[in-house]
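Subject: Structure for your review

Dear colleague,

Please find below the structure that I am handing over to you. My findings follow it.

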Amino acid sequence: MTSYSFTKIDCPCGKSINASYPMSICTWLNPYLVEEFLEGTLFSAKCKSCDQVFQINTSVLMNTPRGMWYIPTNKDLNAMKTFLIQTDVMNGEGKVYSPGEMYQKLEYNKTHKLYQKLPDS
Ligand SMILES: [Zn+2]
């Protein structure tokens, strides 16, 4: 289950936005959250009054088939893709694996003691 946190953003137009965002992402249970993260929509909020979009700068705990890492939500997109390929979330062509494929990789990595913390990039 994904737990969400909430933040209040004061828009220059005078309205305030109540934004919610996930505190953790389990990549094989919720691959759509990975897609939204890459699209830049997961950690952003839009003012309903003036349409201005705000990025939410925080960290999210990502549980991948290779281990768990805290990832800054403003991580560079290319660095993010490299990370996702290294952690068996995405293939070399940039496609996010299916839940079944990721689960198989998770089992394989655990059996071969590859489920661990990699050095921070
Ligand atoms: Zn506004």
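Predicted model: local features only at pLDDT ≥ 70, side-chain atom pairs only at ≥ 80, totals over all residues.

What is the order of the strands in the open sheet of three strands, and what kind of pairing does the sheet have? The order is β3-β6-β7, and the pairing is mixed. Here helices (H or I, at least four residues) and strands (E, at least two) are DSSP runs, numbered from the N terminus, and two strands pair if DSSP finds at least two bridges between them. The edge strands of this sheet are β3 and β7, each of which pairs on one side only. From one strand to the next, the twist averages 20 degrees, where axes are lines fitted to C-alpha atoms, for helices over the stretch in contact, and angles run from 0 to 180 degrees between N-to-C directions.

Residues are numbered from 1 along each chain as its sequence is written.

The chain as a whole

The chain has three helices and seven strands, which run β-β-β-α-β-β-β-β-α-α from the N terminus on. Its C-alpha atoms fill a box of roughly 55 × 25 × 25 Å along the principal axes. Of the 121 residues in the chain, 19% are buried; a residue counts as buried if 20 or more other C-beta atoms lie within 10 Å of its own, exposed if 12 or fewer, and partly exposed in between, with C-beta atoms placed from the backbone.

The sheet in detail

Strand β3 (residues 24-26) runs parallel to β6, to which three bridges join it. Within this pair, Ser24 stands opposite Leu61, and Cys26 stands opposite Asn63. On the other pairing, β6 and strand β7 (residues 67-72) are antiparallel over six bridges and form a hairpin with two residues between them. Asn63 has Met68 as its bridge partner in β7. The covered face of β6 consists of Val60, Met62 and Thr64, whereas Ser59, Leu61 and Asn63 make up the uncovered one.

The N-terminal hairpin

Strand β1 (residues 4-10) and strand β2 (residues 16-22) pair in the antiparallel sense over seven bridges, with Ser5 opposite Tyr21. The two strands form a hairpin with five residues between them, and Gly14 in the turn has a positive phi of about 105 degrees. β1 is hardly covered: among its seven residues, the count of buried ones is zero.

The nonpolar core

A nonpolar core is a set of buried Ala, Val, Leu, Ile, Met, Phe, Trp, Tyr and Cys residues joined through C-beta atoms within 7 Å. The largest one has 14 residues, of which Val34, Leu84, Val89 and Met102 touch the most other members. At least two residues of this core come from each of α1 (31-39), β6 (59-64), α2 (77-86) and α3 (99-111). Leaving aside residues up to four places away in sequence, Met102 touches Thr27, Trp28, Pro65, Asp88, Val89 and Tyr97; two residues are in contact if their C-beta atoms, placed from the backbone, lie within 7 Å.

Lysine 46

Lys46 is found in strand β4 (residues 44-46). With 14 other C-beta atoms within 10 Å, Lys46 is partly exposed. Beyond residues up to four places away in sequence, Lys46 touches Asp51 and Val53.

With kind regards
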